[in-house]
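Please look over the strand pairings and the charged side-chain contacts of the structure shown here. The report below takes up the sheets, then the salt bridges.

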Amino acid sequence: MKNRILKRITVAVVTVFTLAVQFSCSDSDQDNRGGMVNPPVITSVVLASDPDLEPVTQAQGGTMVIIRGSGFNTLKNVYFNDFDTYFNPAMVTDTEIFVAIDMETPYEEDAPQTLKVVNKNGEFVYHFVVAPPAPIVKSFQPVNAVEGDQITIYGNYFINPTVSFDGAQATVVSNTLTEIVAVMPANAQYKYITVETISGTASWGTAVGTAIYDDNFYAPWTIEAWNNHVYVTDLANAFQGTTFFKKDIPGWDNIQGNWDWDDQISQYTGIKFAVRSDTPGKLVFIFNGSNWGDSNFAFDTTTEWTEVSFTWQQLNNADHVQNITFQEFTGETHTYYFDNITYTVD
């Protein structure tokens, strides 16, 4: 009898111990598929755009990458430079993580330059550099700078930038992430600006020395005060530089430039300008007093800045500029905004 009781107690203890071990493994050492969970391991990172390429140790913010290794079934977190990065669980297997590097990931020189993945049983840290996105050039000011003048370039992601004008190198005086101050080099007239960083290059589509209006009108051109237009200084919402102008224009009315004369235009190919409106609208470009009510010179406007251009040939082979005016063409009042009125060059 005693042996039977002892046997039953022994079986019960073994059973309880076995259940405890199984519960413990399920809770911490097994994934939801029944496999054992180890700390994660990263073996490589490749670009999702071409996973057959060689592994990379650097990518820009906004890039989709594939993290390869093991132990990802119970993935909890992905960090680039200690920035907690969102991942879609549906894009994770035990050996691969498809994840986009967040644009907000810090990439300055003092960033840790690491990729870290965390699962239920640990973490793995891997050397990885998040490079800044390619630079963005939004404008530069003043457009009509000459050799030796300082210009300010507006944009973003200016990390150790170089500045040139169709190969003519400018001297960078200072820069922040969003602005560069540089000295205009020789031989830059009618050329286009380029900013280059380790992540790429960017240009701006207005050439040096072509401005009729950037943040200011250049003589002899202006818009007379009787137009009742308003100048707005707002870097975030300007198309070029910091300042644009606007007017509430009633249906069929206009905003009229002054009358003068410039026949030194052979170096240019036409005229362009940036325009937008508070609600969808339409304007007619009045040139040298012509085109009133002519739909051939009409263009639509939206709430976003749009560049509109006309060649001298489209403007009846113009050989001079006398007046620039814009006529409202919907028959209703709209608020229209204007910026970056310039000549064009080849």
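Val 163 stands opposite Val 195 in strand 16. The two strands concerned, strand 12 (residues 162–165) and strand 16 (residues 193–197), run antiparallel and are joined by 4 bridges; here strands are DSSP runs of type E with at least two residues, numbered from the N terminus, and two strands are taken to pair if DSSP finds at least two bridges between them. They belong to an open sheet of 4 strands, in which the pairing is antiparallel and the order is 13-12-16-17. At its edges lie strand 13 (168–169) and strand 17 (200–203), each of which pairs on one side only.

This is a predicted model, in which local features need pLDDT of at least 70 and side-chain atom pairs count only at pLDDT 80 or more, whereas totals for chains, interfaces and linings use all residues. Residues are numbered from 1 along each chain as its sequence is written, and side-chain values use heavy atoms, with hydrogens and water left out.

## A hairpin

Strand 7 (residues 114–119) and strand 8 (residues 122–127) run antiparallel and are joined by 6 bridges, and the two form a hairpin with 2 residues between them. Asn 119 has Gly 122 of strand 8 as its bridge partner.

Another open sheet, of 3 strands, has the order 1-3-6 and antiparallel pairing. Strand 1 (41–47) and strand 6 (96–100) are its edge strands, each pairing on one side only. Neighbouring strands of this sheet are turned by 25° against each other on average, direction ignored, where the axes are lines fitted to C-alpha atoms and angles run from 0 to 180 degrees between N-to-C directions. Strand 3 (residues 64–70) pairs with strand 6 in the antiparallel sense over 5 bridges, and Met 64 stands opposite Ala 100 in strand 6.

The side chains of Glu 96 and Arg 68 meet in a salt bridge at 3.0 Å, N to O; the term requires a side-chain nitrogen of Lys or Arg within 4 Å of a carboxyl oxygen of Asp or Glu. Because Glu 96 lies in strand 6 and Arg 68 in strand 3, this pair ties together parts that are 28 residues apart in sequence. Glu 96 counts as partly exposed at 23% relative accessibility, and Arg 68 is partly exposed with a relative accessible area of 24%; buried means under 20% relative accessible area, exposed over 50%, and partly exposed in between, with a 1.4 Å probe and protein chains only.

## Further salt bridges

How many salt bridges does a search of the whole structure find? The search finds 3. One of them joins the side chains of Lys 272 and Glu 307 at 3.4 Å, N to O. Lys 272 lies in strand 22 (residues 270–277) and Glu 307 in strand 25 (residues 306–311), so the pair ties together parts that are 35 residues apart in sequence. Lys 272 is buried, with a relative accessible area of 10%, whereas Glu 307 counts as partly exposed at 39%.

The side chains of Lys 282 and Asp 300 also meet in a salt bridge, at 3.5 Å, N to O. Since Lys 282 lies in strand 23 (residues 281–287) and Asp 300 in strand 24 (residues 298–301), the pair ties together parts that are 18 residues apart in sequence. Lys 282 counts as partly exposed at 28% relative accessibility, while Asp 300 counts as exposed at 52%.
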